[in-house]
Protein chains: 2
Amino acid sequence: MENFLYDIPTKVYFGEGQIAHLPEAIKEYGSRVLLCYGSGSIKKIGLYDEIIRLCKDHQIELFELCDIEPNPRVTSVNEGVRLCREHKIDVVLAVGGGSTIDCAKVIASSVDYEGDAWDIVLDKKKIKNVLPIIAVLTLSATGSEMDHGAVISNLETHDKIGVGHPDMAPRYAFEDPTYTYSVSPYQTAAGTADIMSHIMECYFQSTPGTYLVDRFAEALLKTCIHYGPIAWKEPENYEARANLMWASSWAINGLLKYGKSQSWTVHPMEHELSAYYDITHGVGLAILTPNWMSYILKEETLDKFVEYGINVWNIDKNLPKKEIAEKSILATREFFNSLGIASTLKEVGIGEEKLALMAEKAAASLSNAYVPLNKDDVLTIFQNSLV
Amino acid sequence: MENFLYDIPTKVYFGEGQIAHLPEAIKEYGSRVLLCYGSGSIKKIGLYDEIIRLCKDHQIELFELCDIEPNPRVTSVNEGVRLCREHKIDVVLAVGGGSTIDCAKVIASSVDYEGDAWDIVLDKKKIKNVLPIIAVLTLSATGSEMDHGAVISNLETHDKIGVGHPDMAPRYAFEDPTYTYSVSPYQTAAGTADIMSHIMECYFQSTPGTYLVDRFAEALLKTCIHYGPIAWKEPENYEARANLMWASSWAINGLLKYGKSQSWTVHPMEHELSAYYDITHGVGLAILTPNWMSYILKEETLDKFVEYGINVWNIDKNLPKKEIAEKSILATREFFNSLGIASTLKEVGIGEEKLALMAEKAAASLSNAYVPLNKDDVLTIFQNSLV
């Protein structure tokens with residue numbers, strides 16, 4: 001186990017109706033709030049009206065940034081920064097999924113920086129102060145509600161880049177599972193795949209002696225495997241929605257990373273896909289993950305896959321190791337398929353044409369991955385994922 | 001799953017040599033420090049000298065409260081309070097195991113209260129301000145380094161009582177596994193039993209829908225079962241000491257309680273034993289736990305024991321449920337025995353004479369337990385534990 005500084009400061013109001021505590025959380029930091037949200041689904045479920053009412057009752061002044069995109073763009077960030085400055089905002093309140101929260105994080109981090117917010121994305125050292133962020137979660141997926149990272153897209157440059165800073169962690173997160181009742185089966189599946197990918201990025205590392213965190217990771221994976229299909233079939237199953245929501249936060253809030261190498265593989269590869277094709281992030285991850293697994297399965301990684309197969313998928317431990325490993329990869333693919341997720345890039349409209357370009361960009365950050373990959377490796381994984 | 005407010009604020013410097021960060025942690029809060037410690041084992045391992053040196057190098061002034069007892073007494077708390085007032089202390093620094101940290105917590109909570117510190121133990125509402133607490137851990141057991149509770153003994157009244165307050169959580173914990181290298185096999189075993197008991201107190205609850213936290217609990221139990229015997233045999237095995245240390249914090253920092261009923265059973269029973277006989281807390285827990293399990297095993301609890309047996313002890317899931325449950329209890333007993341822990345109260349010098357009195361006192365807080373127990377129930381469990 002490597003040395004680390006554990007620091008997860010976000011307080012979480014978890015459960016149905018906890019939004020009632022929103023005004024007191026906001027008032028710890030001020031009363032002028034930038035409300036950030038996306039397509040308007042928060043209006044359909046009544047959450048928007050509830051927040052307006054709560055804030056009005058407590059003399060909290062709201063200003064709005066809406067229409068934040070599924071892969072949030074730096075143009076939205078810049079608009080949010082403008083609003084914060086114009087209205088002397090005290091608190092940035094993100095209501096939505098990871099995209100909205102990510103956007104809010106970079107807004108909050110850029111208000112005190114004079115240049116374009118994209119500079120902040122490219123270089124977190126430019127961050128001076130970060131406005132307090134509060135997140136109200138409506139989609140279990142990215143875990144942005146409890147971590148200190150954000151991913152922002154730049155459509156001009158076809159870049160989708162992550163940035164992190166300790167002060168970007170939301171001060172409070174509100175996690176009410178009923179807000180996810182209206183999430184479609186498609187988005188439920190994609191969110192579950194995203195959560196699982198966060199866990200696997202941490203799980204598949206070679207740092208020795210990380211037994212406890214690896215068991216935590218398996219606990220989280222089993223939760224996704226148990227409840228993903230239930231939420232997919234029964235959107236208003238509170239227990240399933242609650243466990244998936246709590247899992248989304250713990251998959252990426254840091255617990256699984258502390259003490260381990262932290263170099264991710266599938267996310268950097270997928271970020272290229274969604275930067276160029278704007279596909280659903282979780283779907284991209286689900287397509288790539290089993291192909292990445294098959295590609296890196298070899299003598300040195302065999303034991304890790306055996307552990308994964310036995311502990312996560314309950315594969316018979318008496319089978320030959322190679323067979324357990326292969327069955328675990330197959331189980332991963334079949335699980336994603338069972339949630340109706342596409343198996344190939346073709347199905348989501350991605351062809352051969354940009355694979356080499358995307359592979360080259362992805363490989364730039366994969367030299368220290370669990371199994372280091374160069375551009376040819378990534379291109380092969382992309383090609384194996386095509387059809 | 002029940003609603004909750006997640007709030008675990010402690011930052012943890014984990015790993016060998018992290019003590020180097022102690023001065024910067026202290027300096028966030030001031031430079032006048034009350035150093036609390038116990039029997040002097042921190043001198044034997046060189047930690048005392050290291051802290052003296054670090055503080056001297058950084059102009060931090062230390063005042064000392066030593067000889068804090070294994071079951072810390074309110075007399076020590078009052079002495080610490082006196083020192084804090086006399087020397088205008090900014091930070092209470094606890095260096096030791098749970099007893100020292102618990103003592104420091106109640107000192108820090110009592111400085112602004114004019115009466116006897118025992119009043120604070122009996123009524124946390126009397127707590128006004130709590131001085132910042134920093135913990136340097138030398139024994140993996142109570143988890144006090146990352147939670148906001150403390151247990152204090154009063155030898156005059158034969159009371160051993162827990163008190164908790166959100167501000168009692170240490171601001172920083174330093175967890176260096178090498179500090180536990182010198183912990184004896186006996187204390188290593190008792191500490192492991194204590195960690196496991198914290199987990200089981202949370203695990204054995206009847207709140208429905210807590211799948212994820214129950215898997216987290218199993219992850220922690222498996223870690224204790226895996227590494228307890230290794231640390232017992234190889235005291236300087238870093239991996240074992242590190243995993244047990246991190247497990248001790250997560251067993252009780254709140255993660256396993258959020259969303260569940262929180263009424264404990266075995267701890268309140270054991271607190272009576274160690275209040276009257278001053279036995280080692282973890283040993284008392286290990287003696288009582290299997291007897292408590294056998295006593296509460298019935299139709300309504302059967303499924304929970306089956307889950308415990310299969311997921312924690314790898315008992316064959318194809319066996320009849322009753323057999324799995326009984327095997328799980330036997331495995332628990334045998335595990336504690338394998339660490340050299342006594343199986344009976346007689347072995348630790350406890351006879352029949354005070355059982356009824358202790359049972360009556362313990363039962364006062366057990367009416368809402370996982371399986372509610374009255375004084376006759378507790379007396380039976382005590383009697384079953386005698387020989």
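This is a predicted model: local features need pLDDT of at least 70, side-chain atom pairs count only at pLDDT 80 or more; totals for chains, interfaces and linings use all residues.
Local features need pLDDT of at least 70 and side-chain atom pairs pLDDT 80 or more, while totals for chains, interfaces and linings use all residues. Residues are numbered from 1 along each chain as written, chains are lettered from A in the order written, and side-chain values use heavy atoms, without hydrogens or water.

**View 1. The interface of chain B and chain A.** Each chain brings 36 residues to the contact (heavy atoms within 4.5 Å). About 3500 Å² is buried between the chains (accessible area, 1.4 Å probe, lost on being put together and summed over both). Carbon and sulfur atoms give 66% of that area. On the chain B side, B:Tyr6, B:Tyr211 and B:Leu212 lose the most area to chain A, together 19% of what that side buries.

**View 2. Polar and charged pairing across the interface.** Between chain B and chain A, 12 residue pairs are in polar contact, both residues at pLDDT 80 or more. A polar contact is a pair of N or O atoms within 3.5 Å; within protein, one must be able to donate a hydrogen and the other to accept it, and residues adjacent in sequence count only if both atoms are side-chain atoms. The interface has 0 salt bridges (a Lys or Arg side-chain nitrogen within 4 Å of an Asp or Glu carboxyl oxygen).

**View 3. Strand pairing between the chains.** Strand β1 (residues 4-6) of chain A runs antiparallel to β2(B), joined by 3 bridges. Strands are DSSP E runs of at least two residues, and helices are H or I runs of at least four, numbered from the N terminus; two strands pair if DSSP finds at least two bridges. A:Leu5 stands opposite B:Tyr13 in β2(B).

**View 4. The two copies superposed.** A rotation of 180 degrees with 0.0 Å of shift along its axis places chain B on chain A, RMSD 0.0 Å (least squares on C-alpha atoms with pLDDT of at least 70 in both). The copies are thus related as by a two-fold rotation axis. Of the contact residues of chain B, 100% recur in chain A.

**View 5. A salt bridge in helix α3 of chain A.** A:Asp57 forms a salt bridge with A:Arg53, with the closest N and O atoms 3.2 Å apart. The two residues lie 4 apart in α3 (residues 47-57), so about one helical turn separates A:Asp57 from A:Arg53. Over all chains, the count is 32 salt bridges.

Technical notes:
Buried area is the accessible area (1.4 Å probe) that two parts lose on being put together, summed over both.
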